[in-house]
Amino acid sequence: MKLLHTELLIARHFKNSVFKNPALYIITFFIGALLLFAAFSGWDNYKSQNETSEKYQHESREDWLKNPDKNPHRMAHYGNFAFRKSTSLSVFEFGMEPFFGNAIFLEAHKQNTANFSEAGFSNSMLRFGEISIAMVLQVLLPLLIFFIGFNAVAYERENGTLKILLSQGINWKQLLWGKILGVASVVMLLFIPTIIILVLIWLMLQDFSISADETIKMLLFILFHFIYLMFFCVVAVLVSASSKTSKKALVSLIGIWLILTIILPRTTQAIGAYLYEAPSKIQFTSNIEKDILKQGDSHNPNDLHYKAIKDSLLRVYKVDSVQKLPFNYSGFIMTEGERISSNIYNRHLEDLLKVYAQQNSFSKAVSFLNPYIAMKNLSMGLSNTDYDSYIDFQKQAEKYRYIMAQKMNALQVKYISNKKPGPNDKPLIIGKEHWADLEEFHYEPKSISKILKTEIVSIVSILLWVILLFVLIRIAAKNLKAI
Amino acid sequence: MLVLLFKNFIRSKGTKIGLLFLLIIGFISLLIGHQFQEKQQNNITEAAVYQKEHIARNAAFHKDEIGLLLYYIKFSLVNNTLPINSLAIGQRDVNPSIQNVTIRGLEGQKYDSELNNPSNLLSGNIDFSFVLLYLFPLLIIAFSYNIISEEKESGTWKIVAVQSPNTFFYILKLFYVRILSLTALLTLILLAAAVFLQIPLDQSFFVFYGLSILYILFWFAVCFFIVSLQKNSNFNAVILLTIWLFLIIILPAAINTYIINKYKVPEALELTLTQRNAYHEKWDMDKQETVDKFYKHYPQFKKYALPDTEFSWLWYYAMQQMGDDESAIQSKELESKLEQRNNASELIALFIPTLHTQIQLNEIAKSDLRNQLLFLKETTKFHEKLRLHFYPKIFENAPVNQQKWEDFKVETFKDNSETSFMKTILPLLLFNLLLIGFGWRNFKRKVII
């Protein structure tokens with residue numbers, strides 16, 4: 001420890017001087033209270049979200065199985081639901097969750113929207129942001145660091161004590177590192193208890209049985225927040241060291257904070273959205289409808305595409321009418337219709353997602369300039385509340401919908417007689433035991449490897465920033481003057 | 001004197017950069033508003049074209065069976081977008097401004113969401129209301145946090161104090177210069193908006209303008225109060241930024257969390273499940289029973305008896321109707337929960353100027369939750385009207401080609417609810433007077449040295 005003796009001394013001294021300021025106790029107490037509030041409301045939210053989602057997922061499954069014997073196509077219209085579930089880290093990072101739809105109704109022929117988002121049921125208040133642990137860590141703590149750190153060197157310079165320090169054989173490098181450690185030690189007094197509470201809550205949420213995947217996510221969450229906060233400690237001390245007066249240091253630091261956390265995130269996303277305009281729902285659906293009509297409309301009896309299918313079936317089976325085919329003809333046609341329409345839908349969806357990706361590309365690129373965006377993206381990714389997770393949920397739901405519809409069509413092709421019942425005949429049905437053939441919808445959150453792949457930009461950006469700061473400290477240590 | 005103060009203020013490089021930045025971002029917000037307006041317009045045009053083609057095509061396919069035709073065709077209702085909406089987009093980006101409904105069960109269609117990139121929603125729009133709410137205060141703080149304290153710190157204050165007959169008036173003049181420049185900037189942006197976005201200069205525009213001015217004055221009043229405490233510049237800067245942080249981020253977010261947790265809406269999911277079951281179970285139940293329930297709801301249709309066939313459209317639409325009827329309780333509950341949410345947040349907002357301003361601006365621009373709830377109610381009415389029109393036609397199996405399909409154009413809902421002028425203006429006015437009063441008292445109590 002002899003090695004860092006001077007630095008630690010400076011750090012301890014700085015810490016003591018910070019704690020002489022009564023305002024700090026108030027702020028610390030307040031941020032502590034806010035963290036507790038965030039933890040509590042996050043927990044409450046998570047539990048109620050998952051309880052409702054599980055309850056209704058289960059209920060809708062029971063309802064599905066309870067259906068009596070009927071025509072499988074009726075079941076395809078009866079449909080299923082995909083309810084979105086949160087992962088345990090979302091207690092700490094809400095991310096885009098309030099804007100996600102929570103339920104998708106899955107039925108034959110039709111891709112429904114994900115409905116009932118929190119945002120749809122809120123007034124404009126929601127748009128001011130939300131208080132989560134991540135928000136406190138990512139937005140408020142940096143500002144606190146700046147409030148603590150702006151004085152670090154500038155005040156000594158104003159007072160004239162800086163000259164004394166430097167003339168006593170302390171070099172700039174030691175001074176800078178000492179001050180950085182000093183600021184960091186104050187912040188750790190908030191950060192470490194937060195992390196302990198965080199881990200405890202997280203363990204309790206999963207009843208102390210944790211998976212490797214979740215653990216890695218949690219560890220990365222903690223590690224990167226630690227690096228992120230250290231980043232701000234370094235920036236605070238560097239700016240303080242290079243400012244003539246403490247006022248200048250404070251104003252510059254506030255400016256940096258505003259640009260990084262408030263102005264840039266909104267502006268970059270807005271530029272993306274402005275440059276790449278996404279189609280609205282009505283355009284999107286009408287384009288899909290047009291394309292489906294081009295391919296063939298299974299509801300139009302004279303459609304060319306379906307007429308060709310019919311003719312070839314009749315030829316192969318050597319019969320003169322579809323009623324004489326050995327399987328259910330309309331089930332066969334619906335299988336074909338579902339295949340075509342869902343292909344076209346997926347193609348349009350891919351185009352739409354490409355536009356969204358272009359819109360997001362600006363913010364992604366800017367994460368190299370703005371560690372806040374990088375941190376935010378990474379923590380949203382880890383907590384499964386980012387853009388990709390949502391798209392992933394929707395895709396899983398659509399996949400399930402397709403399987404469900406085609407399974408019901410297959411049952412119809414196989415078991416339903418091809419002879420159309422007359423107006424007074426009983427409808428054609430199959431046994432209810434078939435309903436269990438379709439597995440329950442299960443949403444699988446993205447695994448850590450997938451998350452790391454999508455968030456590689458953020459990780460690289462944070463690491464680059466760390467390297468840059470080390471370089472800056474070196475340059476500063478060489479060039480800074482006492483006056 | 002005033003001219004000199006103004007010159008002194010505007011000559012600073014920081015001032016010029018600040019004002020220019022705000023002006024540029026103000027104009028950017030208008031561009032974004034304009035794009036939003038255009039998108040809304042295009043959607044409405046698109047909806048009209050789509051509806052016409054869609055009905056014509058389906059009417060040609062299903063010309064023998066009006067019941068089957070109405071299974072397919074959708075009718076659109078548009079939530080009118082005022083030009084002023086571009087200044088405060090509010091919740092209009094989250095909620096769809098067009099509803100597309102068939103005459104089948106409504107509850108399964110009513111809450112269909114708009115297609116959205118959640119990243120855009122999370123970061124929010126840079127509309128004029130953002131510039132006003134977030135950025136104007138920052139500039140106000142930057143311009144006023146060091147009034148007197150800076151001169152004291154540089155040692156020039158004593159010279160000023162000796163030279164001017166009344167130092168309090170001198171301070172007022174300093175504020176006056178700053179207020180004037182920022183109101184001029186605001187007026188410039190809003191005038192440009194009126195021209196560029198073709199906003200009519202009517203009452204709602206002036207209330208919007210007045211509210212914006214009051215909001216700016218509120219922040220000057222806050223600065224005035226803090227300056228009156230006569231602390232040093234660093235203290236002022238920290239405390240003003242903390243106030244900003246509280247009013248713009250922490251309090252709104254905390255209140256939002258409170259409201260969401262207090263009025264949870266599990267009814268939404270309950271509603272969809274109930275609606276689905278209520279309709280589908282009828283397929284396996286006694287037909288007469290379903291139809292009797294339908295007659296009970298609409299006695300006027302008793303004259304149409306249930307045909308003696310396995311399937312009939314009367315039975316089908318009766319089943320669909322039951323989906324809505326039997327989930328009506330949940331639907332009502334959801335509606336009243338959302339109204340409670342809105343009322344509670346409006347009430348709390350009265351005490352938080354930033355929230356109050358945002359909600360009121362959105363209310364003027366018809367882009368808040370209240371407007372959305374009214375639109376949903378209107379959708380129900382619109383749907384009911386279509387049902388009542390088409391039910392008898394379906395039950396009689398009226399010929400498709402004798403219907404005047406071209407009469408079914410896209411309809412528009414105009415939200416004419418008026419906001420009370422007093423409710424909009426009064427809270428901010430009171431806050432301003434209070435802060436100025438306390439600031440004044442502080443100045444009077446303590447000699448400014």
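**View 1. Helix 15 of chain B is mostly covered, with twelve of its twelve residues buried.** The view is taken from a predicted model. Helix 15 covers residues 353–364 of chain B, and its end C-alpha atoms lie 16 Å apart, in agreement with the 16 Å that twelve residues should span at 1.5 Å a residue. Among the buried residues are B:P353 and B:T354, together with B:H356, B:Q358, B:N362, B:E363 and B:I364. The buried residues of this helix pack against six elements of chain B: helix 5 (128–144), helix 9 (203–228), helix 10 (233–262), helix 14 (328–349), helix 16 and helix 17 (421–445). After helix 15 of chain B comes B:K366, with a positive phi near 55°.

**View 2. Chain B contains an open sheet of three strands with mixed pairing.** The strand order is 2-1-3. Strand 2 (98–101) and strand 3 (411–413) of chain B are the edge strands, and each pairs on one side only. From one strand to the next, the twist averages 25°. Strand 1 (residues 75–79) of chain B pairs with strand 3 of chain B in the parallel sense, over three bridges. One residue pair to locate here is B:V78 and its bridge partner in strand 3 of chain B, B:T412. Helix 2 (residues 13–61) of chain B packs on the sheet, where it touches strand 1 and strand 2 of chain B; the direction of this helix makes about 165° with that of strand 1 of chain B. Helix 16 (residues 369–395) of chain B also packs on the sheet and touches strand 1, strand 2 and strand 3 of chain B, with its direction at about 150° to that of strand 1 of chain B.

**View 3. Chain A contains an open sheet of three strands with antiparallel pairing.** The order of the strands is 1-2-3. Strand 1 (80–83) and strand 3 (110–115) of chain A are at the edges with a single partner strand each, so one side of each has no neighbour in the sheet. On average, and ignoring direction, neighbouring strands of this sheet are turned by 20° against each other. Strand 1 and strand 2 of chain A pair in the antiparallel sense over four bridges, and A:F81 has A:F105 in strand 2 of chain A as its bridge partner. Strand 2 (residues 103–107) and strand 3 of chain A are likewise antiparallel, over four bridges, with A:L106 opposite A:Q111.

**View 4. Helix 7 of chain A bends by about 40° at A:M188.** The helix takes in residues 172–205 of chain A, 34 residues in total. From its first C-alpha to its last, helix 7 of chain A reaches 47 Å, close to the 50 Å expected at 1.5 Å a residue. Just after this helix, A:D207 has a positive phi of about 55°.

**View 5. The contact between the chains takes 73 residues from chain A and 69 residues from chain B.** Several elements of chain A each supply at least two residues of its side, including helix 2 (22–66), helix 3 (72–78), strand 2, strand 3 and helix 12 (329–366). Helix 9 of chain A gives the largest share of that side, 14 residues. By class, the side of chain A that touches chain B has 36 nonpolar, 25 polar and twelve charged residues.

**View 6. A:L264 lies in helix 9 of chain A.** A:L264 has 19 other C-beta atoms within 10 Å and is partly exposed, because a residue counts as buried at 20 or more. Leaving aside residues up to four places away in sequence, A:L264 touches A:I259, A:V366, A:N370 and A:I373. A:G120 is 144 residues from A:L264 in sequence, and the two are 26 Å apart, C-alpha to C-alpha.

Definitions and conventions:
Residues numbered from 1 in each chain as written. Chains lettered and ligands numbered in written order. Predicted model: local features only at pLDDT ≥ 70, side-chain atom pairs only at ≥ 80, totals over all residues. Pairing = 2+ DSSP bridges. Axes fitted to C-alpha atoms, helices over the stretch in contact; angles between N-to-C directions. Contact = placed C-beta atoms within 7 Å. Nonpolar A, V, L, I, M, F, W, Y, C, P; charged D, E, K, R; others polar. Expected span 1.5 Å × (residues − 1). Bend = angle between axes of the 7 residues up to and from the residue.
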